[in-house]
Every structure is written in C-alpha cells, then in structure tokens.
Amino acid sequence: MAGNTSGTLFAVTTFGESHGPAIGCVIDGCPPGLALGEQDFVADLARRASGRTRHTSQRRETDAVEILSGLYEGRTTGTPIALLIRNTDARSRDYDDLLDTFRPAHADYTYWQKYGIRDPRGGGRSSARETTMRVAAGVIAKKWLAERHGVRVRGYLAQLGAITAQRPADGAIDWEAVERNAFFWPDAAQVPELETAMDALRKAGDSVGARVTVVAEGVPPGWGEPIYGKLDAELAAALMSINAVKGVEIGDGFASVAQHGSEHRDEMTPAGFLSNHAGGVLGGISSGQPVICSIALKPTSSIRMPGRSVNRQGEPVEVVTTGRHDPCVGIRATPIAEAMVALVLMDLALRHRAQCGDVGPVTPRIPGS
C-alpha cells in the first residue's frame, strides 16, 4: 500500500495533483441501490471551494464531478465508483521560483527525501486540492448513513487563532448560523470580528491556525472494534491525514487531563446518559451518544513574509511564497473534516454489519442523550 487508500470495506483511493489535468477518486465497497447523481455533490463541494470570499485562496475551480463508473439508471451497482474533477484554474507559473527551493514547514523537503523527485506546482500531491475528492467521497457516505441509519454528520469552526466561538449555556449549536456564513461559525454576532482579524492577517501577509469540531448524531451503539480498529482510533487516523492537522481530540480530549474521574465519567440512567465527555466512544465502540471530535490545524505555511530555508544544493536561501493561498486553512476545513468522519463511520458500519449483523437488538438500550 502506497498510502493513497483509506478504509477497509468502504475503501477510497484518491489520485491527482494540484496542477495536473484532473483529480479523482475510486470508491470500492459502496452497497448497491443507493440513488446517486452528479447533483448530489454540488452543495458540499461548494462549501469546500476556494474563492467564495476574500478570506480564502482566490483560486476558482468549477469542481464539476464526472461519474465514470459504478452507476446504472441513477443507482449504485456495488461496483467501484470512479469520480473525476477537472482542474480548470491552476496557475503553475506562480511556483517557478520554487523549483529548487524547499518552503519551510511545507512538504517540499520531505517529499524530496522520500521520492527523490517532487512536483513543485502548488505542492503537487501534498496540496489541499486533493481533499476535494475526500469531500466528494464523503457525500456518498453521508447520504448512505442518513438513509440507512439516520446518522447526520455536521461540523463548525470552533476557534480561529485566539478567537473562540461563543456558545449558549446549554452548549447547543446553531447549525443554521453555521451555514449562513463563510466561516462555518456558530455565533453570527462574532463574524465581523473574524472578518477584521482575517483582513489584518492578509494585509500583513501572515496566517493563523484554527480548530474545527465535528458532531455525528444518530450513531447507534456498537460501531467500532474492541482493540485494533477502535472507532476513536480510526477517527484520529482519518482526521490526522487531513493537510495541516496537528492534533485530534475525541470528546473532551486534552481537557480530560484536568478533570476528576467523578466529573469525566458519563453516568447512565434509564432515561439516558448524563454527559458526553467521552465523545460518544467507550472502549473503542460507539455508545449511541453523539460522536464528537475536534482537529487543530496549523497556520498556513505558504505566506508572503520572508523565511529562511535551503535549496536543492544545500545552500541557504530566503523564501517568499507568492500565489493564491488561504490565510487560515481552517476556514475551509469543516466540510473536509465532516467527510473524513462520515467515511470512517460508513466503513465501520459495514464492518459491524459483516461480523455482528445477526446479533439483533440488545437490551437495555440507553438513550444517547
């Protein structure tokens, strides 16, 4: 395995580079009979797309999906589904000065060390452009999960730099507000503050990190494996594979360090769980509560501020990255994180069905919340 495929029974292989003719993916293991068409991909790909506002990269791709296989009369056949998206707005000349230079905090140096060759145009395979196909595959997983199990996967931007989203006392997320602004931010009143911060960053030529949280509601108990293939382990691996992600939390995550056992344990009553510090996962298996996970994304590496590096000859150089880049990659990361969570959940749902589909209902069934 060369590291381009994720999943076991629901396997997704992506291919293509940022400035190549196209990007694509092959999805193997999708059950037959799911209604699917090119229109299903429009909404989520638009949510991920750059160029929607002044706060993201101004690269504008049409992101029109071509379904090459796996469908007959509008339904999946159970055979591999191949999806293709043409690259239409690549500007490779922006990277001419980087042919012999390794950008600091980027994948240039490590790709060179691994392969002995690299595509410098927009980062090649290491570009976030690749995540477009993850979102496309995630569309299929979201639809199957919703129709077969009533699962809904949604995310929001929880922190941008030092700015943290304000939440009501009951912790509820205003999902309508999340979809009404380009930041996927749950508090509409804070959006002007975000815009001011991003305008200042763009003017300075700098960048900042972010935190994205994903909530999967309706996940039934029982998904996930007991040792290897734990639900939280699979989620962590999938989310960590997203570009620029440097940390993953399940439930309270690192906040658990300061908690007492009497606080962190999610007590159970016949009426339901009294809390969800564990993020919906106990012993690597879903508990029936909402599955909650968060990712920390580093500041964008490609910035206009000069930085020290070396070239392929090992000589010291100064790097100033031009081109079209996101001052905060976290702004567009929400649909990507949603997709990875959905892909993991669908894969584990199929794995659970394969081994334990004959178990049937088990009592008692504690309400998830």
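**Side-chain contacts in the predicted model**

The sulfur of Cys25 lies 11 Å from the closest cysteine sulfur, that of Cys30, which is too far for a bond. A disulfide is taken as a pair of cysteine sulfur atoms within 2.5 Å, and a search of the whole structure finds zero of them. Cys25 is buried, with a relative accessible area of 0%, while Cys356 is partly exposed at 25%; here buried means under 20% relative accessible area, exposed over 50%, and partly exposed in between (1.4 Å probe, protein chains only).

The model is predicted, so local features need pLDDT of at least 70 and side-chain atom pairs count only at pLDDT 80 or more, whereas totals for chains, interfaces and linings use all residues. Residues are numbered from 1 along each chain as its sequence is written, and side-chain values use heavy atoms, with hydrogens and water left out.

Salt bridges require a side-chain nitrogen of Lys or Arg within 4 Å of a carboxyl oxygen of Asp or Glu, and the count comes to 21. In one of them, Arg312 meets Asp100 at 2.3 Å, N to O. Arg312 lies in the loop between strands S17 (307-310) and S18 (316-319) and Asp100 in the loop between S7 and H2, so this pair ties together parts 212 residues apart in sequence. Helices (H or I, at least four residues) and strands (E, at least two) are DSSP runs, numbered from the N terminus. Arg312 is partly exposed at 39%, and Asp100 is partly exposed at 32%.

A further salt bridge joins Arg351 to Glu234, with the closest N and O atoms 3.4 Å apart. Since Arg351 belongs to helix H8 (residues 334-356) and Glu234 to helix H6 (residues 231-240), the contact ties together parts that are 117 residues apart in sequence. Arg351 is buried at 15%, whereas Glu234 is partly exposed at 27%. Salt bridges with shared partners also join Asp44, Arg47, Lys142, Glu179 and Glu338 into one network.

Aromatic contacts come next. Rings of Phe, Tyr and Trp (its six-membered ring) pair if their centres lie within 6.5 Å; planes under 30 degrees apart count as stacked, over 60 as edge-to-face and the rest as tilted. The count is four aromatic pairs. Among them, Phe102 and Trp112 form a tilted pair, 6.4 Å centre to centre with 50° between the planes. Phe102 is located in the loop between strand S7 (81-86) and helix H2 (108-115) and Trp112 in helix H2, so the pair ties together parts ten residues apart in sequence. Phe102 is buried at 5% relative accessibility, and Trp112 is partly exposed at 24%. Ring pairs link Phe102, Tyr109 and Trp112 into a cluster.
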